[in-house]
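Dear colleague,

I am pleased to hand over the structure shown below. My findings follow it, and I would ask you to read them with the model open.

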Amino acid sequence: MLEDRHRTTAAPAAPWPAAYPKGYAVVDVETTGLARDDRIVSAAVYRLDERGGVEDHWYTTVNPERDPGPVWIHGLTSDVLSDSPLFGDIAEEFADRLADRVLVAHNAAFDWSMIAREYARAERTAPVRQRLCTIALSKELGLPLPNYKLETLASHFGVVQQRAHHALDDARVLAEAFRPSLHAAARDGVRLPLLECRPLTEWADRPATPRIGRQASYQPGGWRPSRKRPPCPYPNPGRYEPGKPLKQGMRVAFSGDTSVERELLEDRAVEAGLHVATSLSRLTSLLVTNDPDSGTSKTTKAKQFGTPVVDEAAFGQLLHDVAPASDG
């Protein structure tokens with residue numbers, strides 16, 4: 001009887017946030033390297049429901065049409081990959097796994113950029129509109145992690161890795177670690193760090209040299225973003241003042257890793273009428289960095305010159321309301 005009374009007076013569980021996504025695609029891709037012309041050699045997707053429950057999973061190797069890169073990391077040799085499907089052959093099935101879901105990955109900017117490039121090469125568009133980086137979510141939750149490696153996140157939640165750098169096992173580990181992170185965010189009313197995904201819509205084929213079987217390789221520069229950046233037409237109005245909007249013509253520099261792929265973030269700045277600076281000087285209006293204490297040359301100069309600094313999330317908000325350039 002006492003137990004029944006206690007049960008009836010217990011606080012009800014908080015309702016699930018209505019604004020949270022209705023489904024997730026936890027993704028991991030292994031690649032031939034980290035550069036723009038590198039290719040996917042394997043991909044895995046765990047589809048999760050709105051509360052992080054596993055619905056199904058999928059895995060494939062992919063013939064990268066070139067050498068496989070760091071075999072000592074992903075373990076996929078040329079012999080294995082020569083009989084694997086091309087990305088174009090699995091693009092539709094991959095898309096079915098991603099459609100109408102938020103892409104979740106550890107360092108999601110990288111996985112998304114590799115996927116977007118592969119779809120551009122295949123003359124298709126990935127059906128991804130938003131992504132969620134589990135590194136960013138871990139920071140939002142304030143998890144007491146010594147670093148943000150996948151194995152560290154897995155260990156924090158008691159998830160056992162079996163085959164590190166195997167796409168299917170990495171996706172499984174991430175799915176298992178994402179579920180308690182998602183529930184912690186829902187319990188504490190944490191805003192999920194969702195970011196927009198912009199697909200690449202143009203590409204350029206280059207002369208190719210066979211690497212695996214009779215298939216061709218893509219050379220550096222085999223794809224390009226959908227826009228070329230024009231020069232900024234506005235004069236520099238000076239430094240950004242905290243609490244005020246950005247103004248067209250301001251010189252903005254970026255430092256360190258960003259959740260949104262750097263080039264896309266710079267494109268947004270240019271579209272808003274800002275000048276993207278490749279270095280930092282006394283004329284720089286603002287430095288955007290997620291790690292102001294990193295000790296890079298830009299963060300060091302920003303402290304020396306007193307240049308205002310904001311993180312990526314704050315900069316994204318500022319981009320929504322950039323003031324027009326002054327007349328004259």
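Two strands are said to pair if DSSP finds at least two bridges between them. Please keep in mind that this is a predicted model.

By that rule, strand 4 (residues 102-105) and strand 5 (residues 130-133) are paired in the parallel sense, over three bridges. Within this pair, Leu-103 stands opposite Arg-131 of strand 5. As background, the strands of a sheet pair through backbone hydrogen bonds, either parallel or antiparallel.

Both strands belong to an open sheet of six strands, in the order 3-2-1-4-5-6 and with mixed pairing. Strand 3 (54-61) and strand 6 (194-196) are at the edges; each has a single partner strand, so one side of each lacks a neighbour in the sheet. On average, neighbouring strands are turned by 25 degrees against each other, direction ignored.

Helix 5 (residues 108-121) packs on this sheet and touches strand 1 (23-31), strand 2 (40-49), strand 4 and strand 5. The direction of helix 5 makes about 80 degrees with that of strand 1.

One residue deserves a separate look. Gly-33 is placed in the loop between strand 1 and strand 2. Is Gly-33 buried or exposed? Its relative accessibility is 15%, and buried means under 20%; Gly-33 therefore counts as buried. Apart from its neighbours within four places in sequence, Gly-33 is in contact with Asp-38, Pro-70 and Phe-110.

With kind regards

Technical notes
Residues are numbered from 1 along each chain as its sequence is written. This is a predicted model: local features need pLDDT of at least 70, side-chain atom pairs count only at pLDDT 80 or more; totals for chains, interfaces and linings use all residues. Side-chain values use heavy atoms; hydrogens and water are left out. Helices (H or I, at least four residues) and strands (E, at least two) are DSSP runs, numbered from the N terminus. Axes are lines fitted to C-alpha atoms, for helices over the stretch in contact, and angles run from 0 to 180 degrees between N-to-C directions. Contact means heavy atoms within 4.5 Å. Buried means under 20% relative accessible area, exposed over 50%, partly exposed in between (1.4 Å probe, protein chains only).
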